[in-house]
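Student: I would like to go through this model one feature at a time. Please show it first.

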Amino acid sequence: MQIEGIKIYNRYKRVTIAISIMVIIVFFLTTCMGKQGEKVKAEEKEESALPAYERKVNFSQFTGSAACGGCHKDIYEKHLKTGHYLSSQPALEKYIPGSFEKGKNKFSFSPVSEIVMEKRDSGLFQVLYQNGEEKRALHFDIVTGSGAKGQSYLYWRKNSLFQMPITYYTAAGQWANSPGFPSKVVLNRLITSRCLECHTTFAETISPPGKEPEEFDQNHILFGVDCEKCHGPAAGHVNFQTANPSEKRGMHIINPAKLSRQQNLDLCALCHGGALSKIKPSFEFTVGNALSDFFILKDLKNATPNFDNVDVHGNQFGLLSASKCFTAADMTCSSCHNSHENERGNTKLFSQRCINCHKANHEKICKMTGKLGSTISNNCIDCHMPAGASKAITLKLPGREVPVAARVRTHLIGIYPDEVRKFVSGKNKSQASKK
């Protein structure tokens, strides 16, 4: 009986220990799940605490520039060739000048690390290889840049956008390390709505303000800086004019020519005014608005007027506004630029626009007119708005240790004696070679 009692006691003891262990496990699981639940609630609370903002501009208000072509065929077709329109596009092969041919499609970071541009059945890719082994394949999704200086490329990671590590540099006709990237593979440079605000007409942000990384609706992007960037969302205009074909007035649309000088300047400064600090979400500013209602403008006015501020992503407006031409005349960006047409590189055309103001009876006449004669009417630009080395667009080319800088024209209109001497010297050499 004593032995039987000991057996029963041991059996109960084991059961008791097992139950105790189970209770302890349940306790810890409950505690962890409770803490995890609290963490989730805290994250939800934190996200809901982000500043609420009711967006006034949305995708449904736009129609796309192709709809403009029905009534404005000539302007529309010319605009398709402009740098503005080509500032972003879907990454189709026809929009990418870089080669995917073997021998021309590689960028090496080191003897063991390289990126190869490849054409596969599922699309175009930048493929990272290390020691000959494929590590990551990034799909070309969006092209940014017209290709005049170069192009960079974006890829989707879920609903967020990132810049690809390899860029195309037009002047060299080669693939290059993307501007500002270190001499190693970088795959996580985030693209923000502010980037897209200047490279697209509209991109719908689906994440709340302040959340990073930002997320976008991949189906609600209007590529390029097209008609509606400068004339405002046009769905209402197109619907009205279609329903009222006899109405000759342009209804529910903005003609920038009828806006004030400041409104026109604000429109251009949105993307050509340097690194503006926004105080409202991107894409809320539209033509006719005051830029000061959407951005802190101290950056806009702090451009130091010097020859070094020539970057594409620099403050062209700040430099222009520091020029005597701007301060002495009722000048805007459209005094020199026709945004409907591709006029890039046409120095004769731009020079004629200079001469429209600086005529014979103007108090400011170029002192080189007598020396250069009629040839001066073909090129005021290289002397008074010379190109300089960009600080923002510096790219590392294959086989070169020192980055190469793109050359960009300054918008500080002025007198540059060294540039004048180079220009005159070049003209003299050209004339001598013809004799």
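Student: Where is the place of proline 213?

Tutor: The model is predicted. A cis peptide bond, with omega about -5°, joins glutamate 212 and proline 213. As for its place, proline 213 is in the loop between strand E12 (200–205) and strand E13 (216–223).

Student: Which strands are the edge strands of the open sheet of four strands?

Tutor: The order in this open sheet is E2-E3-E4-E5, and the pairing is antiparallel. An edge strand pairs on one side only, which here applies to strand E2 (106–110) and strand E5 (133–139).

Student: Which residue in E3 stands opposite lysine 106?

Tutor: E2 and strand E3 (residues 113–120) run antiparallel and are joined by four bridges. Opposite lysine 106 in this sheet stands valine 116.

Student: Is asparagine 131 buried or exposed?

Tutor: Asparagine 131 lies in the loop between E4 and E5. Its phi is near 55°, a positive value in a residue other than glycine. The cut-off for exposed is over 50% relative accessible area. Because its relative accessibility is 64%, asparagine 131 counts as exposed.

Student: What is the phi of lysine 158?

Tutor: Lysine 158 is in the loop between E7 and strand E8 (160–163). At 77% relative accessibility, lysine 158 counts as exposed. Although lysine 158 is not a glycine, its phi is positive, at about 60°.

Student: How many residues are in the largest nonpolar core?

Tutor: Ile96, Phe100, Met117, Phe140, Tyr153, Ile166 and Trp175 touch the most other members of this core. Among the elements that give two or more residues to it are E2, E3 and strand E9 (166–169). The number of residues in the largest nonpolar core is 20.

Technical notes:
Residues are numbered from 1 along each chain as its sequence is written. This is a predicted model: local features need pLDDT of at least 70, side-chain atom pairs count only at pLDDT 80 or more; totals for chains, interfaces and linings use all residues. Side-chain values use heavy atoms; hydrogens and water are left out. Two strands pair if DSSP finds at least two bridges between them. A nonpolar core is a set of buried Ala, Val, Leu, Ile, Met, Phe, Trp, Tyr and Cys residues joined through side-chain atoms within 4.5 Å. Buried means under 20% relative accessible area, exposed over 50%, partly exposed in between (1.4 Å probe, protein chains only).
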